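Good morning. Please look at the chain on the screen while I go through its inside.

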Amino acid sequence: MPAQPLPYPYQAPAQAMSASAFGPVFKAIAWFIVLALLVWFWRLDMAWLSRQGAWCGVVWAMLCFIVWHIQRSRIQLDHEAIEQSWMWQRRVALRELAYVKIMRIRGLEHLVAPRIYVRNLGGTFTFFYCHDRVMLEEFTRLAQALRQHEQRV
């Protein structure tokens, strides 16, 4: 069964686009912070079997969990939806899009991960992270199509 056309003038890519959500420099900085924190914790004069030591261990484990997801996170754009793997799955159907905005600091994309702010027809917003330039250009095209449709309506 063929998919119904979108209510705005956007032609989705024929092949699904997929890329890493975060760049290699951003990932390296995240891992460096986690490892530096481990060294700092290790050098503290602390009783590790105490409540204080347990809290330090919990904090470090939570940071490792986040960095692991930064390492593995991917964003995908296909003819149906925008989807990102993260600690939880983020997904917004293209048919439900009301607004798309790309937020980035040009020249510092390696340090500050570019974000795609998406709002659906119900008013719920979602952030997606995207490091890939080709995908960012595709999201820019999608945002322009939504703006054109909004101006006509």
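**Cavity and cores**

The largest cavity has a volume of about 30 Å³. A cavity here is a set of points on a 1 Å grid over the protein atoms alone where a 1.4 Å probe fits but cannot get out; its volume is the space filled by probe spheres set on the points, which are joined across faces, edges and corners. Its lining residues, those with an atom within 4 Å of a point, include Phe22, Phe26, Glu109, His110 and His131. By class, five of the lining residues are nonpolar, three polar and one charged.

This is a predicted model, where local features need pLDDT of at least 70, side-chain atom pairs count only at pLDDT 80 or more, and totals for chains, interfaces and linings use all residues. Residues are numbered from 1 along each chain as its sequence is written, and side-chain values use heavy atoms, without hydrogens and water. The mean pLDDT (the predictor's confidence in each residue, from 0 to 100) is 89 for the chain, and 97% of residues reach 70 or more.

Now the cores. A nonpolar core is a set of buried Ala, Val, Leu, Ile, Met, Phe, Trp, Tyr and Cys residues joined through side-chain atoms within 4.5 Å, buried being under 20% relative accessible area with a 1.4 Å probe, protein chains only. The largest has 25 residues, and Ile82, Leu94, Leu97, Ile116 and Phe139 have the most contacts inside it. Helix H3 (a DSSP run of H or I, at least four residues) gives the most to this core, seven residues. A second, separate core has ten residues, among them Trp86 and Tyr129.

Methods
Buried < 20%, exposed > 50% of the residue type's maximum accessible area, 1.4 Å probe, protein only. Helix = DSSP H or I, 4+ residues; strand = E, 2+ residues; numbered from the N terminus. 1 Å grid on protein atoms, 1.4 Å probe; cavity = no way out; pocket = protein on both sides within 12 Å on 5 of 7 lines; lining within 4 Å. Nonpolar A, V, L, I, M, F, W, Y, C, P; charged D, E, K, R; others polar.
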